[in-house]
Amino acid sequence: MVVGAQKSSILSANSSSFTFREACYAAANAAEAKKSLGTLVLDVRKVTALADFFIICGASSQAQTRAIVNNIEATLEAMGYQPLTVEGKAESRWILLDYGPIIIHVLQERERTFYNLEKFWNHALIVDKASWSDS
């Protein structure tokens, strides 16, 4: 499968000393630091080959969406991670950050309600906020 091959090559090519779980949790906390709405971390390893983790979070405006994304990108860059692709940044209504094993969705609330990604991925394991949240 092409997706699995791509994912494993990203894992071996990354020289960061941080695990993808740590990077995922740091990204979720970076979103929370910019007051994201309803940040959700999903462990999708058992339900898809697309990624290991999804982060879904909401924003109330385009400015907040951009602020959340910028903070996530800065946080992960400091950990040695670069996105493979970024989609939707110009419109800032639904921005997708693809880091290979970590896929991050930052949506304005209207889009989040309409697309309801949480329902679509309801068979994934929701990571308890106490596990990833900075105190």
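Here is a quick briefing on the fold, the surface and a few residues of this chain.

This is a predicted model, so local features need pLDDT of at least 70 and side-chain atom pairs count only at pLDDT 80 or more, while totals for chains, interfaces and linings use all residues. Residues are numbered from 1 along each chain as its sequence is written, and side-chain values use heavy atoms, with hydrogens and water left out. The chain has six helices and six strands, taken as DSSP runs (helices: H or I, at least four residues; strands: E, at least two) and numbered from the N terminus.

**The sheet**
- Going along the sequence, you get α-α-β-β-α-β-β-β-α-α-β-α.
- The six strands form an open sheet with mixed pairing, in the order E3-E4-E5-E2-E1-E6; two strands pair if DSSP finds at least two bridges between them.
- At the edges sit strand E3 (85–87) and strand E6 (125–126), each pairing on one side only.
- Strands E1 (residues 37–43) and E2 (residues 53–59) run antiparallel to each other, with five bridges between them.
- Across that pair, Leu 40 faces Ile 56 in E2.

**Helices on the sheet**
- Helix H2 (residues 20–33) lies across E1, E2 and strand E5 (102–108), at about 5° to E2.
- Helix H3 (residues 62–78) packs on the sheet too, touching E2, E3, strand E4 (94–98) and E5, and its direction makes about 160° with that of E5.
- For these angles, axes are lines fitted to C-alpha atoms (for helices, over the stretch in contact), and values run from 0 to 180 degrees between N-to-C directions.

**Burial and contacts**
- Of the 135 residues in the chain, 44% are buried, where buried means under 20% relative accessible area, exposed over 50%, and partly exposed in between (1.4 Å probe, protein chains only).
- The chain exposes about 7,100 Å², with 54% of that supplied by carbon and sulfur atoms; areas come from the Shrake-Rupley method with a 1.4 Å probe, and for residues only the protein chains shown count as cover.
- Take the contacts (heavy atoms within 4.5 Å) between residues at least 6 apart in sequence: 61% of them join residues at least 24 apart.

**Cysteines**
- Cys 24 is buried at 0% relative accessible area, and Cys 57 is also buried at 0%.
- A search of the whole structure turns up zero disulfides, a disulfide being a pair of cysteine sulfur atoms within 2.5 Å.

**Near the end of the numbering**
- Asp 134 is in the segment after helix H6 (129–132) and is exposed, with 58% relative accessible area.
- Asp 134 and Glu 32 are 102 residues apart along the chain, yet their C-alpha atoms are separated by 9.3 Å.
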